[in-house]
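Have the sequence and the 3D view open side by side. The paragraphs below go from the overall form to single residues.

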Amino acid sequence: MRVVEPPAPETRRWVDLVGAVAAADAVRRGDVPQGVADETSARRGEDRVDADLEAAAACGARLVVPEDPEWPQWPFACFALADKKELAPPLGLWVRGPGSLADLTDRAVALVGARAASGYGTHTAAELGAGLAAAGQTVVSGAAIGIDGAAHRGALAGGGPTIAVLACGLDRAYPASHAGLIDRIGRHGLVVSEYPPGAVPARHRFLVRNRLIAALSAGTVVVEAALRSGAQRTAADARELGTVLMAVPGPVTSATSAGCHELIRQGALLVTRAEEITEATGRLGVELACVPERPQRQTDVLDEIQARVHDALPPRAARDIAWLAVEAGLDQDAVRSALVELERGGLVEYREGRWQRPARRGPR
């Protein structure tokens, strides 16, 4: 993990073939296949095992490898679906926090989006994060400014765990303005990185990191994103890894929602509520989203004839049955019967031989 720059598909295959101990010895000697040499030659002499473990322990982190019970075996099975070297699984992960990585990723959803988020985007991300936490799902994101930070805060406010995947060593807080947030995540959830202690953030590392956010989650929700953004890269990784890809719509005039609209046109699932996300990623046929309540009117229960008679009534004037029959195009007996039912429902009033709609009563 110290001598390669992730992703390192050839080194990962070499480790799977000969085992981690033998692979490390071979790398030290330089006795490795050409593909592995290409990935390790620049740093082959940087043997800092003890220093890395000590630095990790000093910041409360631990090393998790595929042989550990905590390794997310099932979520990471999606890497086998991808035929891209950019989507190679990690050799190991540095983890800080009280939770088990395997347990917290059993029901996890990624919320990602723009750093330059709008108020609409951050509000939506926080609401979705809180809703998912209340439903018992783990929120995964990258701890960045904007949508990521709002999603983490929403999950913490909802009383649920959240996982922050960093593009630097766990002994660094990036961005520095989120040092307090990352510390809270480390106390109530998990902070994760495949980069060793001391590693500094770099642009390419953020893009590489995004594949882990997608892989650790059953689904990825893009809350707000421009047409060209890191969130779009995470969405592309999620699609390649075969997980559920979702997007939140925004104003058609908003540049920070243009990427979401493009994803929806390309087949991403449109979501607006945490319940819809849970339905898409949760247990099949069990965690179904409730149908939103719709406004009800008194006239919704009317049959066709009653509705025609009610529509024929002028907003303010009163009319007799003969006039209503002509206006509604019905015979007088049908109108008379309909008026009786409308009166029972409080939709008409009878006054001095004529019928009218009830006067509206304003608040006192």
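What share of the contacts in the protein chain between residues at least 6 apart in sequence join residues at least 24 apart? The share is 72%, where contact means heavy atoms within 4.5 Å. This is a predicted model, in which local features need pLDDT of at least 70, side-chain atom pairs count only at pLDDT 80 or more, and totals for chains, interfaces and linings use all residues. Residues are numbered from 1 along each chain as its sequence is written, and side-chain values use heavy atoms, leaving out hydrogens and water.

The protein chain holds 16 helices and 11 strands, taken as DSSP runs (helices: H or I, at least four residues; strands: E, at least two) numbered from the N terminus. Its radius of gyration is 30 Å, well over the 21 Å that the globule rule gives for 364 residues, so the protein chain is more spread out than a compact globule. That radius is taken over C-alpha atoms, and the rule is 2.2 Å times the number of residues to the power 0.38. The C-alpha atoms fill a box of roughly 105 × 40 × 35 Å along the principal axes.

Alanine 143 sits in the loop between β4 (138-141) and α8 (147-157) and is buried, with a relative accessible area of 0%. Glutamate 352 belongs to the loop between β10 (349-351) and β11 (354-356) and is exposed at 82% relative accessibility. Buried means under 20% relative accessible area, exposed over 50%, and partly exposed in between (1.4 Å probe, protein chains only).
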